[in-house]
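Take a look at the model below. This report covers its charged pairs and one of its helices.

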Amino acid sequence: ILEMEISGIRKYQIFEIQEMQYGGYDKVGYTQRDLYNFCHRHKQGTIAAGDAQTVIRHLRERERRDADFFFRSFTDDQGHLVGLFWCDTQCLLDYAAFGDVIVFDSTYKTNWYNLPLVPFVGVNYHRSTIIFGCEIIAHENIESYVWLLRTFSEANIQKHPVSVIIDGQLAMQRAIRLVWPNSSHRLCTWHIEQNVVHNIYNDEVKDEFIFFSFMIVAP
């Protein structure tokens, strides 16, 4: 399994190959979900063993060259890297000026390890997207998000945002209430639209909702 994954074969294709090799789904001995979980656990171990130290060394070098560069790492009981946050001087300056409203979600998983990338994003006076900081996390749970928000606050001298826009992840909501109790949090319009599209089967209602959503966010 690991050799095929390293070769770039996708997980569902690996499972299909195993089915053909063993003569059927019932003879493989595990499910497709078991295969995904196995690959995920292996990648976590690989990160902790090698790549994690490479990344941390790189970030420490950035910190040495830039006095305002900030990063923190978070490990579990076995010493595996489960969280990594960083931001540079420009991120800190932008947050000080435009950090009243921030957006963050964990839907970006395009990296090699399929770990959520959680960017803190805002908008400047020119309506251009700006980055306040980034984190990679291994687990989308309350503990990880609480650590993330507290670390972000530490980097920004405990300045809390006025409003936070999120994707509706329940652990995120609970972490915000714990760490930023005075910050209001709202759901991202795009995620609401996706829920409407997938759960409402009346085309007229869907079209009206999307139209009014556009009118609200349009300049």
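Which residue takes a positive phi just after helix 2? The answer is Gly23, at about 90°. The model is a predicted one, and the values here are computed from it.

## Helix 2

Helix 2 runs over residues 11–22. It has 12 residues. From the first C-alpha to the last, helix 2 reaches 17 Å. That is close to the 16 Å expected at 1.5 Å a residue.

Four names stand out for burial in helix 2: Lys11, Ile14, Phe15 and Gln18. Gly23, with its positive phi, comes just after helix 2.

## Salt bridges

Side chains of opposite charge can pair when their charged atoms come close. Here the count comes to four salt bridges.

Asp26 and Lys27 make one of them. Their side chains meet at 3.9 Å, N to O. The cut-off is 4 Å, so the pair qualifies. Asp26 has 63% relative accessibility. Exposed means over 50%, so Asp26 counts as exposed.

## A pair within helix 3

Glu61 forms a salt bridge with Arg65. The closest N and O atoms are 3.6 Å apart. Both residues lie in helix 3, which spans residues 32–65. They are four residues apart, about one turn of the helix.

How exposed are the two partners, Glu61 and Arg65? Glu61 is partly exposed, with a relative accessible area of 30%. Arg65 counts as exposed, at 55% relative accessibility.

## A pair between helix 5 and strand 1

Glu154 and Arg72 also meet through their side chains in a salt bridge. The N to O distance is 2.9 Å. This pair links distant parts of the chain. Glu154 lies in helix 5 (residues 142–155), and Arg72 lies in strand 1 (residues 70–75). The two are 82 residues apart.

Glu154 is partly exposed, at 40% relative accessibility. Arg72 is partly exposed too, with a relative accessible area of 30%.

## Shared partners

Methods: Residues are numbered from 1 along each chain as its sequence is written. This is a predicted model: local features need pLDDT of at least 70, side-chain atom pairs count only at pLDDT 80 or more; totals for chains, interfaces and linings use all residues. Side-chain values use heavy atoms; hydrogens and water are left out. Buried means under 20% relative accessible area, exposed over 50%, partly exposed in between (1.4 Å probe, protein chains only). The expected span of a helix is 1.5 Å times one less than its number of residues.
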